[in-house]
Amino acid sequence: MLFISHTLMAFLHNGQHTAKTSSELNIHKNTLLYRVNKIKKSLNSSLDEGDELFSYQLSFKILDCMSSQL
C-alpha cells in the first residue's frame, strides 16, 4: 500500500510525466507504468479529471501537514 501512495504522490508532483517520476523514484519507466495502471484500477479512475487530481493532491498536502505536526 505504501508504494501506491508514494508513487501516486510523485506522479502528481511531477505533472504526470513518466520520465521525471521514474527518475525521481529510481525505478524503470515500465515499472512506473505498471504501478500507475494498478493505481488507476484501484481508484477506478483514469487520473485525467482536474477536480479529481486536485482532490488527491490536496489529500497528500493535508497528510503532509498532519505528519509534520506529530
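Reader: Which residues line the largest pocket?
Author: This model is predicted. A pocket here is an open set of points on a 1 Å grid over the protein atoms alone, where a 1.4 Å probe fits, with protein on both sides within 12 Å along at least five of seven lines; lining residues have an atom within 4 Å of a point. The lining of the largest pocket consists of Met9, Leu12, His13, Gln57, Phe60, Lys61 and Asp64.

Reader: Which element gives the most to that lining of the largest pocket?
Author: Two elements each give two or more residues to the lining of the largest pocket: helix 1 (2-13) and helix 4 (50-69). Helices are DSSP runs (H or I, at least four residues), numbered from the N terminus. With 4 residues, the top contributor to the lining is helix 4.

Reader: What volume does the largest pocket have, and what classes of residue line it?
Author: The volume is the space filled by probe spheres set on the grid points, which are joined across faces, edges and corners. That gives about 180 Å³ for the largest pocket. Its lining splits by class into 3 nonpolar, 2 polar and 2 charged residues.

Reader: Which residues make the nonpolar surface patch?
Author: Patch members have over 30% relative accessible area and no salt bridge, and nonpolar side chains are joined within 5 Å. Met66, in helix 4, is partly exposed because its relative accessible area is 48%. The patch covers about 500 Å² and is made by Phe54, Leu58, Ile62, Leu63 and Met66.

Reader: Is Leu53 buried or exposed?
Author: Leu53 sits in helix 4. Its relative accessible area is 12%. Buried means under 20%, exposed over 50%, and partly exposed in between (1.4 Å probe, protein chains only). So Leu53 is buried.

Reader: How far apart in space are Leu53 and Ser67?
Author: The two residues are 14 residues apart in sequence. From C-alpha to C-alpha, Leu53 and Ser67 are separated by 21 Å.

Reader: Where is Gln16, and what is its phi?
Author: Gln16 falls in the loop between helix 1 and helix 2 (18-25). The residue is partly exposed because its relative accessible area is 30%. Gln16 is not a glycine, although its phi is positive, at about 65°.

Reader: What phi does Asn44 have?
Author: Asn44 belongs to the loop between helix 3 and helix 4. With a relative accessible area of 73%, Asn44 is exposed. Its phi is positive in a residue other than glycine, near 55°.

Reader: How far apart in space are Leu33 and Ser22?
Author: Leu33 is in helix 3 (residues 29-43), and Ser22 is in helix 2. Leu33 is partly exposed, at 34% relative accessible area, whereas Ser22 counts as buried at 8%. They are 11 residues apart in sequence, and their C-alpha atoms are apart by 8.9 Å.

Reader: What separates the C-alpha atoms of Ser22 and Leu58?
Author: Ser22 lies in helix 2. Leu58 is one of the patch residues. The pair is 36 residues apart along the chain, and the C-alpha separation is 22 Å.

Reader: How far apart in space are Leu8 and Leu32?
Author: Leu8 is part of helix 1. Leu8 is buried because its relative accessible area is 6%. Leu8 and Leu32 are 24 residues apart in sequence, with a C-alpha to C-alpha distance of 9.8 Å.

Reader: What numbering and confidence limits apply?
Author: Residues are numbered from 1 along each chain as its sequence is written, and side-chain values use heavy atoms, with hydrogens and water left out. Totals for chains, interfaces and linings use all residues, while side-chain atom pairs count only at pLDDT 80 or more and local features need pLDDT of at least 70.

Technical notes: Nonpolar A, V, L, I, M, F, W, Y, C, P; charged D, E, K, R; others polar. Patch = residues over 30% accessible without salt bridge, like charges linked within 9 Å, V, L, I, M, F, W, Y side chains within 5 Å. Areas by Shrake-Rupley, 256 points an atom, 1.4 Å probe, with all protein chains shown as cover. Salt bridge = Lys/Arg side-chain N within 4 Å of Asp/Glu carboxyl O.
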